[in-house]
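Notes are in the order I looked things up.

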Amino acid sequence: MNINQLLRQNIRQLTAYSSARGEFSGEAKVFLDANENPHNAPYNRYPDPLQRELKQELARLKGCPSEQIFLGNGSDEAIDLLFRAFCQPSVDNVVSISPTYGMYRVAADINEVELRQVPLNEDFQFSAADLLAAADEHSKLIFICSPNNPTGNLLDAKEIEKLLLGFSGLVVLDEAYIDFAPQASFLPQLQGHENLVVLQTLSKAWGMAGIRLGMAFASKAVVEVLNKIKYPYNINMLTQLKAKELLQEQTLFQQGVSELLSERSKLASALEKLPFVQRVYPSDANFLLVKMHDAEGIYLYLLEEGVVVRNRSKVLLCENCLRITVGAPKENELLLSKLNDLI
Ligand SMILES: *Cc1c(COP(=O)(O)O)cnc(C)c1O
């Protein structure tokens with residue numbers, strides 16, 4: 001894969017902004033280079049534009065070299081930057097599946113890039129051959145999501161492998177929910193596949209949606225491109241400090257995931273017993289996709305009762321489906337008691 005050939009020409013030729021903190025980050029007696037205020041330490045200083053300490057922590061945790069990690073203001077930043085780096089508006093296109101995470105569509109629309117969505121089959125799986133058939137010489141990226149949102153299932157790893165081998169652009173694999181899944185991440189495959197980009201986030205299993213930290217793991221060349229076009233200080237100091245602190249809490253993290261998985265199976269069995277529930281789809285994530293009679297009516301009823309779930313009933317293959325996040329035991333009990341009142 002030739003990354004330069006894949007890039008938009010203007011990005012290839014771009015001279016990146018060079019920030020004071022990017023040019024000099026060593027030990028100094030005084031920093032008088034960035035027009036910062038001398039008071040309010042440490043928050044008076046611009047944060048590390050390349051988030052080196054935080055990346056070292058993540059590198060250890062994920063077994064992936066720092067130079068192959070890009071950090072964004074949520075995964076959403078990485079998604080948008082991939083479009084901006086590789087897709088010439090009104091010329092290039094991107095291939096994805098349907099249904100899937102809505103941000104791929106929004107990022108495509110904002111960047112004026114055609115998004116070709118290939119429907120999943122009845123089992124919510126995709127065929128690599130179908131996706132590759134939807135691609136042409138202007139297809140720069142393929143976006144897939146495993147476990148997929150809103151269907152909740154892992155996608156077939158063999159088909160993902162086929163995409164990696166068969167596509168000359170980048171295959172972006174969104175693993176926002178991988179920590180809840182019984183299958184390993186594709187991160188180790190970065191070694192053998194230059195065209196793989198794995199997206200992960202601290203927003204789900206790590207419980208840090210509020211601090212906004214998304215990760216893209218990719219070849220060094222792709223990470224360099226994303227770093228070149230991002231805002232210089234895209235991850236603020238509070239986020240970098242808090243993330244480093246919380247990443248030390250491995251045990252709490254594991255306990256949280258275990259509790260969630262046990263709540264997920266309890267919630268699934270309880271939902272299955274409700275007479276108006278037709279199907280609780282198997283989930284490898286922290287939510288359940290549930291097919292029921294009159295999903296819209298039940299959605300509105302729950303809203304009135306102060307219980308907010310996601311109405312996915314107008315989404316392809318998700319007719320009459322609600323997407324329900326697995327909460328804490330008390331929250332799940334409240335949801336179930338409100339649903340039981342309907343009988
Ligand atoms: C929740 C979610 C994310 C996380 O996005 P952030 O911007 O990191 O919070 C990414 N991808 C998918 C599919 C998601 O459902």
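What follows goes from ground rules to sheets, then single residues, salt bridges and a surface patch.

**Ground rules.** I am working on a predicted model, where local features need pLDDT of at least 70, side-chain atom pairs count only at pLDDT 80 or more, and totals for chains, interfaces and linings use all residues. Residues are numbered from 1 along each chain as its sequence is written, and side-chain values use heavy atoms, with hydrogens and water left out.

**The seven-stranded sheet.** I started with strands and helices, taken as DSSP runs numbered from the N terminus (helices H or I, at least four residues; strands E, at least two). Two strands count as paired if DSSP finds at least two bridges between them. On that basis I get an open sheet of seven strands, ordered β1-β7-β6-β5-β4-β2-β3, with mixed pairing. β1 (69–72) and β3 (114–119) each have a single partner strand, so one side of each lacks a neighbour in the sheet. From one strand to the next the twist averages 20 degrees; for angles, axes are lines fitted to C-alpha atoms (for helices over the stretch in contact), and the range is 0 to 180 degrees between N-to-C directions.

Next I checked which helix lies over the β3 end. Helix α6 (residues 103–110) lies across β2 (93–98), β3, β4 (139–145) and β5 (170–174), and runs at about 155 degrees to β3.

**The four-stranded sheet.** There is also an open antiparallel sheet of four strands, in the order β8-β9-β11-β10. β8 (277–280) and β10 (310–311) are the edge strands, pairing on one side only. Inside, I counted on β9 (residues 287–292) and β11 (residues 321–325), which are antiparallel over five bridges. Val290 sits opposite Leu322 there.

**Two residues I clicked on.** Beyond neighbours within four places in sequence, Lys338 is in contact (heavy atoms within 4.5 Å) with Tyr301, Leu302, Glu305 and Val307.

Leu61 belongs to helix α4 and is partly exposed at 31%. What does Leu61 touch, leaving aside neighbours within four places in sequence? I find Trp206, Leu247 and Gln250. Gln250 is 189 residues away in sequence, yet the C-alpha to C-alpha distance to Leu61 is 9.4 Å.

**Salt bridges.** My rule is a side-chain nitrogen of Lys or Arg within 4 Å of a carboxyl oxygen of Asp or Glu. That gives a count of 16 salt bridges.

- Arg21 and Glu36 meet at 2.6 Å, N to O. They link distant parts of the chain, 15 residues apart, with Arg21 in helix α3 and Glu36 in the loop between α3 and α4. Arg21 is buried at 8%, and Glu36 is buried at 17%.
- Asp109 and Arg105 bridge at 3.4 Å, N to O. Both lie in helix α6, four residues apart, about one turn. Asp109 is partly exposed at 47%, and Arg105 is partly exposed at 32%.
- Lys266 and Glu263 bridge at 3.0 Å, N to O. Both are in helix α11 (residues 250–272), three residues apart, about one turn of the helix. Lys266 is exposed at 51%, whereas Glu263 is buried at 6%.

**Surface patch.** Last, I looked at Tyr43, in the loop between α3 (20–23) and α4 (52–62). Tyr43 is exposed, with 53% relative accessible area. With Leu238 and Leu241, Tyr43 makes a nonpolar surface patch of about 320 Å². Patch members have over 30% relative accessible area and no salt bridge; like charges are joined within 9 Å, nonpolar side chains (Val, Leu, Ile, Met, Phe, Trp, Tyr) within 5 Å. Areas are Shrake-Rupley with a 1.4 Å probe, and for residues only the protein chains shown count as cover.

Notes. Buried means under 20% relative accessible area, exposed over 50%, partly exposed in between (1.4 Å probe, protein chains only).
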